[in-house]
Amino acid sequence: MSRFLRKAIDKVWKLGRPQLEELLGKSLEENQLLSSVMDSMDEGVLVCDPKNRVLFWNKALERLVPLMGHEYQGRLAWHVIAEKSIADFVHETLESEDSVKDRQFTLDLGGQPRVLSCSVQALVQKGKIQGSLIMFRDATVRIVKEARLRRAESLASLTTLAAGVAHEIKNPLGSMGIHLQLMRKSLEQFGTCSKEESEEFLDIFDEEVEKLNKIVVDFLFAVRPMDLELKNLCIVGIFDEILGFLEEDLKSHNIQVYKEYEKGLPEVPLDGRYIKQALLNLIKNAVAAMPDGGDLKIHGGVKGDFLEIKVEDTGTGIPREEMDKIFEPYFTTKSFGSGLGLTLVFKIVKEHRGDIQVHSRVGEGTCFHIQLPLPRSGTQALLSSPKSSSEGGY
Ligand SMILES: Nc1ncnc2c1ncn2[C@@H]1O[C@H](COP(=O)(O)OP(=O)(O)O)[C@@H](O)[C@H]1O
Ligand SMILES: [Mg+2]
């Protein structure tokens, strides 16, 4: 249609009144169609000219975003938005000619927190910036769904964990049962148990009770919801503390440490104790995987909305068939391993709303890759609201 209009405009001086009326009618129709498409969208749309003045907006914008006044046309985009945090963000982004996707804001509309996601992008036509498009989406449902999914994931882990405990306690219980039977036989046969025999049985009982106790203590540690005490911390300080603590150990194992920290890493809300525990577990596993020495690479950087942490070794690597099991409780390939190290790392990362991945090649090494969300007030606020505070945890 617009091509047809353009052609018609080129020849407008030749057109008679009826043709002009038809042309304007068509143009009006097209305009109305576009308007009704825009107004039936769930996303709020605000279009600005190159000077950041409002050209166009749709109905959803008025529904989603608190606005100032009634007439928006021609006003600076950030003067139209009543919510200060959003107005400041829009102002900053438009002035810096940046393009931002999915920045989240929490709005407390009548006590019900809602998360609004805002994206800003340039409108480019024929290689020239013609203005900006600002889109708003209600992200509340998506975020609550994600939290529910995380919870389901946690419940699934709980089932695996319980199955693991059941399996673990079978051995000590079996051993105690056998020794009780032996004791009973001895009593039936001789009416008594020798001092040596009794002491041997009691020692075995002691040992097995100790094992059972450890299983229960470890289990409780793994299932108890973590009461995170979040403080803004820089990951570099945490790594340096752990590496200082392990210095002698690393030297004696002939392990060379390489630190790769990006400059000016932001502070992130972390529970220092738990994050320290998780990174220590990863580094200890790396050390164990390099019995003849090797390289340990620690990386800290920012990628998108995440803080990225990598712990990489040049050790034995993990066989493909074990990759799916390493985070499972009690999975270990070590004679004296608890098999709970990575289970805890996983739990700690999830409690921080992060993600963890592993890349490994047998004979070459392993890299654990953690992503932790950078502070985004929107998500944090919604998920810590009383309604969903039970989310998370096993
Ligand atoms: N960096 C690594 N390199 C090779 N294998 C690893 C590494 N980290 C973990 N694993 C494997 O995953 C298993 C589970 O690790 P973990 O949960 O920490 O328990 P544990 O250290 O007690 O065995 C280890 O036994 C090992 O087989
Ligand atoms: Mg371990």
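Start by selecting Glu200, Asp203, Asp206, Glu207 and Glu210, which form a negative surface patch. Patch members have over 30% relative accessible area and no salt bridge, with like charges joined within 9 Å. A salt bridge would be a side-chain nitrogen of Lys or Arg within 4 Å of a carboxyl oxygen of Asp or Glu, and accessible areas are Shrake-Rupley values with a 1.4 Å probe. For the distances, each charge sits at NZ of Lys, CZ of Arg, CG of Asp or CD of Glu.

A quick note on what you have open: it's a predicted model, where local features need pLDDT of at least 70 and side-chain atom pairs count only at pLDDT 80 or more, while totals for chains, interfaces and linings use all residues. Residues are numbered from 1 along each chain, and side-chain values use heavy atoms, without hydrogens and water.

Now click on Asp206, in helix α7 (residues 195–223). Helices here are DSSP runs of H or I with at least four residues, and strands are runs of E with at least two. Asp206 counts as exposed because its relative accessible area is 55%; the cut-offs are over 50% for exposed and under 20% for buried.

Lys7 belongs to helix α1 (residues 2–10) and is exposed, at 57% relative accessibility.

Finally, zoom out. You'll find 13 helices and 12 strands, and a C-alpha trace spanning about 125 × 45 × 35 Å along its principal axes. Of the 394 residues, 39% count as buried.

Methods: Chains are lettered from A and ligands numbered from 1 in the order in which they are written. Buried means under 20% relative accessible area, exposed over 50%, partly exposed in between (1.4 Å probe, protein chains only). Patches are made of residues with over 30% relative accessible area and no salt bridge: like charges are joined within 9 Å, nonpolar side chains (Val, Leu, Ile, Met, Phe, Trp, Tyr) within 5 Å. Lys and Arg count as positive and Asp and Glu as negative; His and the chain ends are not counted.
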